[in-house]
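Dear colleague,

I am passing the structure on to you below, and my notes on it follow. Please read them with the model open beside you.

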Amino acid sequence: MTTAHSLSAPLSSSCNKDSGPVSPTSPLVSFLVRVQETASQTYGESNIDRKDYVDLSLKFNLSTTVEAFDKLPKTVNGSVSVQDLEGFIKEYFKGAGEDLVYAEPVDFVPEPQGFLPKVENPEVRAWALEVHALWKKLSRKVSSSVHDHPELHTMLPLPGPVMIPGSRFREVYYWDSYWVIRGLLASKMYETAKSIVTNLISLLDAYGHVLNGARAYYTNRSQPPLLSAMVYEIYNRTGDVELVRRSLPSLLKEYQFWNSEIHSSIIHDAEQGTTHSLNRYYAMWNKPRPESSTIDKKFASKFLNVSEKQLFYRELASTAESGWDFSTRWMRNPSEFTTLSTTTILPVDLNTFVLRMELDIAFFAKVVGENAIAEDFLRASQTRKKAFNSVFWNENMGQWVDYWLNNGAECKEPQTWEAQNQNQNVFASNFVPLWIDLFNSDTSLVEKVTRSLQSSGLLCAAGIATSLTNSGHQWDFPNGWAPLQHMIVEGLSRSASAEARKVAKDIAERWIRTNYVAYKKTGAMHEKYNVEKCGEFGGGGEYIPQTGFGWSNGVVLAFLEEFGWPKDQKIDCN
């Protein structure tokens, strides 16, 4: 695979000093980070899952627990024995994950009426019903203890039941939920889908943004903003005007969050004489991520002074906000992890999601009779479409590409657009704008982008690779991820181009096939897949491969609903 070229971009658009906002953290999270660091010393970094320790909940109040922890006997180098640490954790904590309990989904039936009518192959149908049955396994609600004693938990109280992704991800996540909902809609589980939206809105109303996930340590960042898309898909199936009416004020609040000063940047196009406001990821955090504290500190040890470490910590958290944690996409030097520069990038996909938000809000406002809001947001979407053409579109490549900000002139805005600041490396995100009808309705554009996708090197035996760089990071080659397959396939299949629709169907079939064969081999659905080999799950990254798995289940069901599977078509790897 090719190696991405380095981009000469700064560490932070705050001009190499960290002056951005920092969300406060809770004393409980700070204490659990200490426990995590002790466990890392006791067991060895490679023998623990760091997240397990910040997911623990207390049996007693915090001060009693801290006091007992501080009294644990320590060796000369400050570590605690395995026996003492295990005894302490058993005595003072409930297990990670005990703050969520099973919730029977109210609308689950083993075989819903009208389920996947285009799936005619009995083998595939039987498998699809098994995937559908996984919703029962992934359904949870927050325990009564979290509601009664929130100070003992990092789990945040939520009003209704949730779907978790699976394995170590034992809480609701923001952007995962969109594809979970797409699967729930295929499973005719409309009430469960609405409950997920209600929970996310409760987080948005409490914190001013939808959190990365429903944990106290995630309050400092969001994730790709797809709440409006969730509401749209549910409304599209159910016609629930009340859901739209209830959601609209919260969606307006979320739109303000993503267009606030920290998340936006102004680019001047000298040739066109226009200026464009576009969005970036920017976490409100400049310390190690609590769920990965020990490993973040290890990487940051390469920096000598505190301000450099703070810059790096903000980049780490901002990359987690992108959902693509981690990828060479965000690095100035693809072979050096500490050159993460996410806050200096205007990402194509984030701006696609904000464009989608504008179009959705315009649509919802019209549904509930708020015509002035509808006109405002329609206008905003047209303005953003022009920005896509001006800032992101690369005519020679036939792709939309990320734009890197400069670090000159004390970061004065607006910055003037320069061709050299486009990142011309190939990533699956370069094709995500196809998901939006404003782009996929332009047939000649779709055909150009389809040809570009076909010659990009991303199309592999078992789906679309995330990048062309085999870096060992999980959002790089050879991993393929359900959300990226889905957005690109859905965009291509909605176009009027027969060639694009053919490519969409082919990618969907490869993806369905690899999910099926891996399921038959392992008995599980996986978080990510190796697109070089049919039936192989993916790897790399900060943790071992996970199963479950919310968005993979959702995309398989959505693809089977859209494309079906003919009776005589084989499902094994070719």
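A cavity here is a set of points, on a 1 Å grid over the protein atoms alone, where a 1.4 Å probe fits but cannot get out, and its lining residues have an atom within 4 Å of a point. The model is predicted, so local features need pLDDT of at least 70 and side-chain atom pairs count only at pLDDT 80 or more, whereas totals for chains, interfaces and linings use all residues. Residues are numbered from 1 along each chain as its sequence is written, and side-chain values use heavy atoms, without hydrogens and water.

The largest cavity is lined by 27 residues, with Arg168, Phe169, Tyr173, Asp325 and Tyr543 nearest its centre. Its lining comprises 11 nonpolar, five polar and 11 charged residues, where Ala, Val, Leu, Ile, Met, Phe, Trp, Tyr, Cys and Pro count as nonpolar, Asp, Glu, Lys and Arg as charged, and the others, Gly among them, as polar.

The structure also holds one disulfide, a term that stands for a pair of cysteine sulfur atoms within 2.5 Å. The two partners are cysteine 534 and cysteine 573, with their sulfur atoms 2.1 Å apart, and the link is left-handed, at -80 degrees about the S-S bond. Because cysteine 534 lies in the loop between β16 (529-530) and α19 (550-563), and cysteine 573 in the segment after α19, the pair ties together parts that are 39 residues apart in sequence. Helices (H or I, at least four residues) and strands (E, at least two) are DSSP runs, numbered from the N terminus.

With best regards

Conventions
On a 1 Å grid over the protein atoms alone, a cavity is a set of points where a 1.4 Å probe fits but cannot get out, and a pocket is an open set with protein on both sides within 12 Å along at least five of seven lines; lining residues have an atom within 4 Å of a point.
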